[in-house]
Amino acid sequence: MRVPKEKIDKVMETCRKLGELGQLRCLNCRRKLRFTHVRKYEHGEGYYWVYLQCPYCGYGTALWKLLKYINKR
């Protein structure tokens, strides 16, 4: 998920809360993930890309895909 630099702290806090609630999952192998599996990197000037890296199967799930999955549940 492409996030403006000024909103990254809020997005990461939301990810932490989702992790505490057990809502973070790998969309490939479906295992539960923790906040420590959330990754970010600079994605263009003034933006970050936020995703989850599964330590079990190695799949990288974009945050926007996970949020779409959570909203369907």
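A disulfide is here a pair of cysteine sulfur atoms within 2.5 Å, and the structure holds 0 disulfides by that criterion. The model is predicted, so that local features need pLDDT of at least 70 and side-chain atom pairs count only at pLDDT 80 or more, whereas totals for chains, interfaces and linings use all residues. Residues are numbered from 1 along each chain as its sequence is written, and side-chain values use heavy atoms, with hydrogens and water left out.

With a 1.4 Å probe and protein chains only, buried means under 20% relative accessible area, exposed over 50%, and partly exposed in between. Cys54 is buried at 3% relative accessibility, while Cys57, at 35%, is partly exposed.

A nonpolar core is a set of buried Ala, Val, Leu, Ile, Met, Phe, Trp, Tyr and Cys residues joined through side-chain atoms within 4.5 Å. The largest such core has 17 residues, and those with the most contacts inside it are Leu24, Val38, Val50 and Leu52. Its largest share, 5 residues, comes from α1.

Cys15, found in helix α1, is buried with a relative accessible area of 2%. Counting contact as heavy atoms within 4.5 Å, and setting aside residues up to four places away in sequence, Cys15 touches Leu24, Phe35, Val38, Val50 and Leu63.

Conventions. Helices (H or I, at least four residues) and strands (E, at least two) are DSSP runs, numbered from the N terminus.
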